[in-house]
Amino acid sequence: MSTSLGSNTYNRQNWEDADFPILCQTCLGENPYIRMTKEKYGKECKICARPFTVFRWCPGVRMRFKKTEVCQTCSKLKNVCQTCLLDLEYGLPIQVRDAGLSLKDEMPKSDVNKEYYTQNMEREVRVASHDRAFWIANSDGTRPVGALGKATSTSDMLLKLARTTPYYKRNRPHICSFWVKGECKRGEECPYRHEKPTDPDDPLADQNIKDRYYGINDPVADKLLKRASTMPRLDPPEDKTITTLYVGGLGDTITESDLRNHFYQFGEIRTITVVQRQQCAFIQFATRQAAEVAAEKSFNKLIVNGRRLNVKWGRSQAARGKEKDKEGTTESGIKLEPVPGLPGALPPPPAAEEEASANYFNLPPSGPSAVVNIALPPPPGIAPPPPPGFGPHMFHAMGPPPPFMRAPGPIHYPSQDPQRMGAHAGKHSNP
């Protein structure tokens, strides 16, 4: 073929030579001091089959070596990383991004048409074109070209699914096939992972680089699109007096001014209360309409200082008091299943028995006693009576006791029980 690596004369001016690759932060790795090898015209692009400069590097400790898979022209056409072929802005597969932006970029797939198309697009990338409706003058790959370069609108779905931090776990080594068969003798020196492989029937185990680039039959994209269809929604509360939004997950770097700079665009802000201990804030708007717009534009897509924040509606005091009475529910209203093995709640004491009985110490029942002889102190000026059994009775046994010797009222304490502690001492007194 004319564009193969063995061709020396025809069409060699279209071979690609670059000084640095176009990579995402995940593929580049977290080490700022990275060593990278460069091989001029080392491989053919897996999309357009043109020779290009191949870069190879190790993104970190205990990570596998990675290299560029497609040329920079194909990378700029789709605005993707040269290694993982994920979008550079959102970190998502091309199929998900095109679905969110409603793009339909039909690239030719035959060899002749594909070669002609890539040459024309590469010419547009290198030369500034004033004849078109958009300006293309970015040979460094900082701006997308083609149909993606014409798209100006953003998608709420992409903002919700976008990855905000690098996912370095994707750079791990592959699984050691010898260890799976029980034949690996390297031990800890083996550069591959000693883990069990995933289910071979899992659709994520069968991924193709061309399907990902053209945005068709990508299992990762199908998984993300299904997740987007089942994402939760934030419905406004029925109470029209609520104009407060709850913002959680602030961390230590986000201040009140950062929140004000984002939420002021939706309407007049009455107050902003930041609770640093709970890492949350409450933003109260002057009108309900401004609060609804802020909730719609910020739910599941608010990113401040590189940190994704959680936005929910505030609650009124009445609703907050009702939720405190609920048992087995979280703040979001999710019903929690009971934990097995824990004792259940104690039954409430019967109100009728509490009012009818004052037997707090579970004493045996006794007969009715209308009058209880309780030794009360005598009034001033009267000598105290002798102890029981050493003197005559002060009063006749059949007569009623004087007013100051009568029981003060119903029995309330065990010490007033007539069956305890000498309550009937008069029975044992001498005649």
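**Entry 1: a hairpin**

I began with strands β5 (residues 269-275) and β6 (residues 280-285), which pair in the antiparallel sense over six bridges. The model I am reading is a predicted one. I then looked up who faces whom. I272 stands opposite I283 in β6. V274 has A281 in β6 as its bridge partner. Next I checked the turn. The hairpin of β5 and β6 has four residues between the strands, and Q279 takes a positive phi there, near 55 degrees.

I noted one general point for myself. Strands of a sheet pair through backbone hydrogen bonds, in a parallel or an antiparallel way.

**Entry 2: the sheet around the hairpin**

Which order do the strands of this open sheet follow? I traced five strands, in the order β5-β6-β4-β8-β7. The pairing is antiparallel. Then I looked for the edges. They are β5 and β7 (302-304), and each pairs on one side only. I also took down the twist, which averages 25 degrees from one strand to the next.

**Entry 3: helices across that sheet**

I followed helix α10 (residues 256-263) first. Helix α10 lies across β4 (244-248), β5, β6, β7 and β8 (307-313). Its direction is at about 145 degrees to β5. Then I turned to helix α11 (residues 288-298). Helix α11 lies across β4, β6, β7 and β8, and runs at about 140 degrees to β8.

**Entry 4: the three-stranded sheet**

I moved on to another open sheet. Its three strands come in the order β1-β2-β3, with antiparallel pairing. Which strands stand at the edges? They are β1 (36-44) and β3 (66-67). Each has a single partner strand, so one side of each is left without a neighbour in the sheet.

I looked at one pairing in detail. β1 and strand β2 (residues 51-57) pair in the antiparallel sense over six bridges. T37 stands opposite R56 in β2.

I also checked backbone angles here. Y41 is found in strand β1. Y41 is not a glycine, yet has a positive phi of about 55 degrees. R62 is placed in the loop between β2 and β3. R62 also has a positive phi of about 55 degrees, and is not a glycine either.

**Entry 5: two helices in contact**

How many degrees lie between helix α3 and helix α9? I read an angle of about 40 degrees for helix α3 (residues 94-101) packing with helix α9 (residues 219-229). Their axes are 8 Å apart. Angles under 35 degrees would count as roughly parallel. The angle here makes α3 oblique to α9.

I listed the residues that meet. From α3 they are Q95, V96 and A99; from α9 they are A221, D222, L224 and L225. I sorted this contact by class, and found five nonpolar residues, one polar and one charged.

**Entry 6: rings and charges**

I ended with aromatic side chains. The count comes to five aromatic pairs. Ring pairs link F263, F266 and F285 into a cluster. I placed two of these on the elements above: F263 falls within helix α10 (residues 256-263), and F285 falls within strand β6 (residues 280-285).

Then I looked for charges over rings. The charged end of K78 sits over the ring of Y213, 5.7 Å from its centre. The charged end of K181 sits over the ring of F178, 5.0 Å from its centre.

Terms used: Residues are numbered from 1 along each chain as its sequence is written. This is a predicted model: local features need pLDDT of at least 70, side-chain atom pairs count only at pLDDT 80 or more; totals for chains, interfaces and linings use all residues. Side-chain values use heavy atoms; hydrogens and water are left out. Rings of Phe, Tyr and Trp (its six-membered ring) pair if their centres lie within 6.5 Å; planes under 30 degrees apart count as stacked, over 60 as edge-to-face and the rest as tilted. A charge sits over a ring if NZ of Lys or CZ of Arg is within 6 Å of the ring centre and within 35 degrees of the ring normal. Two strands pair if DSSP finds at least two bridges between them. Axes are lines fitted to C-alpha atoms, for helices over the stretch in contact, and angles run from 0 to 180 degrees between N-to-C directions. Angles under 35 degrees count as roughly parallel, over 145 as roughly antiparallel, 65 to 115 as roughly perpendicular and the rest as oblique. Contact means heavy atoms within 4.5 Å. Ala, Val, Leu, Ile, Met, Phe, Trp, Tyr, Cys and Pro count as nonpolar, Asp, Glu, Lys and Arg as charged, and the others, Gly among them, as polar.
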